[in-house]
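Open your viewer and get a cartoon view ready. We will take a short tour, one selection at a time.

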Amino acid sequence: MNKQLLFVKRPVGAADASTWSLETNPIPEITDGQMLVRQHYVSLDPAMRGWMNEGKSYIEPMELGSVMRSGSVGEVVAVKNLPGFEVGDFVSGGGGVQQYAVTDGKGWFKADPAFAPLPTYLGTLGMTGMTAYFGILEVGKLKEGDVVVVSGAAGAVGSVVGQIAKIKGCTVIGIAGGPEKCKYLIDELGFDHAIDYKNEDVRVRLKETCPKGLDVYFDNVGVPILDYALGRLRRNARIVICGAISQYNNKTAVKGPSNYLSLLVNRATMQGMVVFDWADRYQEAAQVMGGWLATGKLKSREAVYEGIENFPQTFNRLFSGDKTGKLVLKVLED
Ligand SMILES: NC(=O)c1ccc[n+]([C@@H]2O[C@H](COP(=O)([O-])OP(=O)(O)OC[C@H]3O[C@@H](n4cnc5c(N)ncnc54)[C@H](OP(=O)(O)O)[C@@H]3O)[C@@H](O)[C@H]2O)c1
């Protein structure tokens with residue numbers, strides 16, 4: 001049987017248990033040109049909250065009654081005339097929050113559990129790693145010697161952004177919630193400074209940690225931290241608008257930055273990004289990042305929880321911050 005998490009109610013504000021319904025259905029049959037994937041892990045991402053809203057975005061909103069959309073990684077257990085895939089392959093793609101997924105393989109890639117644990121293919125070697133790589137290098141136009149500030153720094157995207165910037169010879173300041181996460185940034189990831197936005201004055205700490213200002217601000221969280229970063233721009237600074245998690249559960253309109261004239265004064269740019277625009281270059285990025293992982297230059301951390309029935313409370317960890325690294329749920333049952 002196939003346990004599936006269906007999206008049944010559009011939330012107003014934060015999602016809760018009533019947003020989804022767990023159902024058990026027969027494992028689907030495959031037809032020509034398809035494969036059946038027994039899923040091991042699904043990815044939990046802040047973007048999921050946006051997909052639950054009605055209205056135009058960079059991707060179609062989810063339909064009520066559909067399987068909750070998500071990235072996933074698992075093992076191929078049946079294939080019918082689908083060149084490139086065989087029974088026993090490990091693969092990652094958009095399988096949704098369910099134990100078995102049927103796919104034609106479009107957008108799926110192979111994962112090698114001998115090289116990295118499967119959850120890493122949802123994080124550093126998956127969508128969030130790609131976001132960090134193209135976001136900081138292409139949109140952030142990173143240069144050696146830059147002063148880089150990243151928010152959501154102990155999360156899936158932010159932790160990789162900061163490490164790439166260190167590899168490229170930059171000074172890195174990470175902003176995260178709580179002393180433990182800040183210690184992790186400095187002791188384990190090698191960041192130069194960490195700011196605990198839950199217990200410290202971010203404006204004051206930014207002044208202390210980047211006295212001459214910043215060249216790149218990688219924004220994962222939105223205001224008010226975005227406004228404080230805007231107040232510290234150097235000439236020709238780049239701001240990468242990757243996400244704004246502080247706004248995703250809003251019941252009122254999204255709040256934007258008020259300090260935007262700093263862009264004018266400093267001849268700076270602020271640019272939004274969507275990782276899917278680099279899909280044709282994922283292979284290249286995965287190779288580079290795989291090399292860094294193999295040599296220990298890049299560290300990957302996943303927060304793995306268990307049980308498809310625990311999806312709702314696990315999802316809310318993204319917003320409470322009660323996890324470090326990439327949030328993943330094991331849906332495979334022994
Ligand atoms: N544009 C794209 O293509 C793209 C792709 C992937 C992700 N994203 C975006 O990138 C951002 C990070 O995603 P992720 O997958 O790496 O998530 P994540 O950072 O692993 O998890 C979310 C983190 O956000 C922090 N947070 C929650 N509420 C906050 C608030 N009100 N203010 C400040 N921080 C808050 C929490 O950490 P603390 O404990 O530090 O608060 C939490 O751990 C999200 O905004 C996401 O939507 C964009």
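Before the first stop, a definition: a residue is buried when its relative accessible area is under 20%, exposed when over 50%, and partly exposed in between (1.4 Å probe, protein chains only). The model is predicted, so local features need pLDDT of at least 70 and side-chain atom pairs count only at pLDDT 80 or more, while totals for chains, interfaces and linings use all residues. Residues are numbered from 1 along each chain as its sequence is written, and side-chain values use heavy atoms, with hydrogens and water left out.

**Stop 1: the two domains.** Colour domain 1 (2–123 + 300–330) and domain 2 (128–276) separately; these bounds come from an automatic or database domain assignment. Their centres, taken over C-alpha atoms, are 28 Å apart. Where they meet, 20 residues of domain 1 contact 15 residues of domain 2 (contact: heavy atoms within 4.5 Å).

**Stop 2: Arg 232.** Select the loop between α6 (225–230) and β12 (233–241), where Arg 232 sits; helices (H or I, at least four residues) and strands (E, at least two) are DSSP runs, numbered from the N terminus. Which side chain of opposite charge is nearest to Arg 232? That is Glu 208, 11 Å away, and the buried Arg 232 has no salt bridge (a side-chain nitrogen of Lys or Arg within 4 Å of a carboxyl oxygen of Asp or Glu; Lys and Arg count as positive, Asp and Glu as negative, with His and the chain ends not counted). Now show Cys 210: its backbone oxygen lies 2.9 Å from the Arg 232 side chain.

**Stop 3: Gly 256.** Move to the loop between β12 and α7 (261–265) to find Gly 256. Gly 256 is partly exposed because its relative accessible area is 48%.

Note on methods
A polar contact is a pair of N or O atoms within 3.5 Å; within protein, one must be able to donate a hydrogen and the other to accept it, and residues adjacent in sequence count only if both atoms are side-chain atoms.
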